[in-house]
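Have the structure open as you read.

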Amino acid sequence: MAHSASSDKPGGELSRNALTEALGPELGSLLVTKLIIPPTRLGALPRTRLFTELDAVLAVPLTLVAAPTGFGKTTLLAGWLQRIAAGGRLPADVTEPRPATRSPQISTAGWVSLDSGDNDPVAFGCALIGALRLGGAAVGATSLALLRGAQPRPLVAALVPLLNDLASLPGNTVLVLDDYHAISEPAIHEALAFVVERLPPRTHLILASRADPPLPLPRLRARGHLLELRAAALRFTHDESMAVLQHLPELPLAEHDLARLAAQTEGWPAALQLAMLALRDQPTPGAHVAVSGGHRYLFDYLAAEVLDRQPPEHRDALLQTAVLERLSGPICETLLGLAPGAGAALLERLEHDGLPLLPLDGERRWYGYHQLFSAFLRARLRATSTATTIAELHRRAAAAEPDPTTAVGYLLAGGLWDEAAERIETCALPLLAHGQYATVRQWVEAIPTERREARPGLCVILGVITSRRGELAPAETLLTRGIAVSDAKGSDTWRALAWSELALLALQRGEPLRSAEQVELALTLPTSPALRAAGLMLAIFVQSIVGRRAPVTRHAAELFTLLRERPDPQLQAHVLEGALSLAVALVDQLGPLEELCRAGLALMGDEISLARIGVEAGLAHIAWLRGRLDEAVTMSACARRTAERFGTAALIEPQLTSIVGLVALAGGDLEGAAEAYAQALRIAQPLALYDVTLPGRHYRLALVRWQQGRLAEVLGARATAPPGGAGAALEPAVDALLSGLEAIAGGDYAAAEARLRPLAAREADVGLLGVFGSAHPLLAHLEWIQGRPAAAAAALAPRLAACARDGTLGRLVLEGPYIAPLLQNAVANGTFADTAAAALALLEAQRAARITLHGPHHADAATTVLDPDTPALHPLAEPLSARELEVLRLLAAGQSNRAIAERLVVTIGTVKRHVSNLMAKLGVTSRLAAVVRGRELGLV
């Protein structure tokens, strides 16, 4: 059962190496003592009647053990699990009052000892997964990645994959959450309520709490899904109390005194334990029993007796160590100024004397005081010591504590604000990188306001957290203050982080120009490699949005150099999460990115992570840009499957769906391409992340509509184009493309050229335009249909040159079937002939594959013919007039002569004359043949 599957120590306890291996590297920083089933106290009374009740937990999803402190909830549950692990037997030195019943079969048992630090949803989720892993279940990889990613998911969403993992486990799984009353975070209660009502049939949750948790207990109770053990059940019966007292021969009490003591403690296990300690050394214990009052007064009295009757050195040690959340030999030595080894000896002696000191691990390296006794000790410490003394104890405790989060808690509890602030500034960024915003925010807000606002680190940290919560205005105020304080104190790291975060805020507000300025300010400051890499990635994307290629090129070179010089897996994983955004922005620098992605994917093995999603989506995007369309489809499917397991598919779906459309377009399936592009646009519209790309997606769809002959939709495309954000270079570039396309659709070739040529001269600077379209093919088309093949080749040359230079054949295929005659013309004119021929071969291969897949009847539906000997691919001897082109497109739309006449406000005879003329120019003898020839030429 729990903690024994991979044991390499006697007694089934895991060694430290085995614990680390069981948790996995992702959870190596967890406090393991919180996840170990506490050992039962020597001489503890076997709660056989309660063990029998607990045996029914496998019949319900949730068991609640609720009682005030001191009622033995932890001891009961730990003893029950250890009894099950022993096959239903109690330890050899314990005699059960009655024969043991058959214990339930449990394959995996996990334990979490909760405290206030677990109110962070990320910390809580990690603790659950760590407990299950220590219990022997290999679960939680996907949930961990969701919790600890750069953009953490809500706890409810992150726990869904964990439920799926639990459903696949063989046998019964039990997870105990001890001290659940320490949890006050509503998001955790909400997530646990969701989990409880969806637990797999063989998974069972046990909560131990001083109060009822805010879960749907009435509904669970009504359904028979809840087992409850409360204070009335946990109290010692008279017989149990007597059994405990009678097993202590050193306590010389008469039978009636034993009965009176059992009655006075009212079955309260903690009071009975302390009573035995207090009375053990009294010369007349019976007299003390006779004068004792109610159990709460008795407890106060007994607690004082326990402390005051200790030797002075032990009494002082107890009071001073009361500030600790957990005790170990080395920590006690630092706190108390003891010699090496004396701390462990002290703890061993205190436990031997029967003090309420509970071991937290099987090796008895870590201990904790019983909560009641700890509360009493702290109250006595406050009453007998100065604030300066108490603060010094907390300072020493923090210095000795290896866990940084616990150490911060000590400093805050001692009111050591400056030291706490320094420790927070040291450890906050790694915690934020793992999504533990709630923990860090609680720390920062515990610092008095005037001290907090004087420290740049705390201002910036709180600003980052506030920004992540979507509170943009307060975040900007905090970050701006952090910069001002940093300027005064020369804190470059915090200033750089603040400028980067302000740049993100500006991008969220649709202000990319301001964002670009702010991120460049961040990059002027020295900082850590991780922050530098994050700033470079943001700068690459933002500068691409605003159309500044020079800084994009410079920042990309620095980013890849940084990654080569610092082969840090965590740093690379962070960059790989953004691989898709980098692939979109770095169309002209794909080589280093592709190399990084392939190396990263090879190292991932079967890992499921946000970095894997980024890599697979990025490689799919790179593959289509390179013209490897089959690979693009395969990698898209991989990325989609991985993202679906995370519940994050929507974030990459617009790009993956666009790849489907592009492949359909390359095969001549205009209808399939239009459908995919329209779907990608619909998915992207509600996602703020894609605001800047919406105009480009809109143009893709309009370009396909034009090639379908759906001219009415093309003529209205510009008016319905979505905005792309103030300052985004893509929006005016797309506006020029749409304007030119509308003019072509309307037959106004001069206007089309006038609108497209200025864009063609500067489009190399509009980085994002490289993956959505280009003015050069449209200009080449204008020359082509007007019978100027040499000029058409020259107009297409810049696009061919860019694709040849960057190895991005897919950007030619992106244009659709209308580019085929333009490519053949380039081959004939010797204009980048190899690149044009390769693009033609790619189009033909996709068209052939589509016909093979769907059958020969699709050959007629294909919208282009790629045979270079086909006469239709040569320019017309006499180009169509604007009116003839308009008539041809109305014919392609299925309009009759009468409908065309009404549309153009001419007579039917005039329409017939136009049809006759255009058929003659096209060299065909029927209206249908004219439409087919027009599509082959890219005229419709």
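The lining of the largest cavity is made up of 11 nonpolar residues, two polar ones and no charged ones; here Ala, Val, Leu, Ile, Met, Phe, Trp, Tyr, Cys and Pro count as nonpolar, Asp, Glu, Lys and Arg as charged, and the others, Gly among them, as polar. This is a predicted model, in which local features need pLDDT of at least 70 and side-chain atom pairs pLDDT 80 or more, while totals for chains, interfaces and linings use all residues. Residues are numbered from 1 along each chain as its sequence is written, and side-chain values use heavy atoms, without hydrogens or water.

A cavity is a set of points on a 1 Å grid over the protein atoms alone where a 1.4 Å probe fits but cannot get out, and lining residues have an atom within 4 Å of a point. Four cavities of 30 Å³ or more are counted, and the largest has a volume of about 120 Å³, taken as the space filled by probe spheres set on the points. Of its 13 lining residues, Leu128, Leu166, Leu175, Val195 and Leu199 lie nearest the centre.

These elements (DSSP runs: helices H or I of at least four residues, strands E of at least two) each supply at least two lining residues:

| Element | Residues |
|---|---|
| Helix 4 | 121-134 |
| Helix 6 | 155-167 |
| Strand 3 | 173-178 |
| Helix 7 | 186-196 |
| Strand 4 | 203-209 |

Helix 6 gives the most, with four residues.

Now to helix 26: Gly510, which follows this helix, has a positive phi, near 75°.

Notes:
On a 1 Å grid over the protein atoms alone, a cavity is a set of points where a 1.4 Å probe fits but cannot get out, and a pocket is an open set with protein on both sides within 12 Å along at least five of seven lines; lining residues have an atom within 4 Å of a point.
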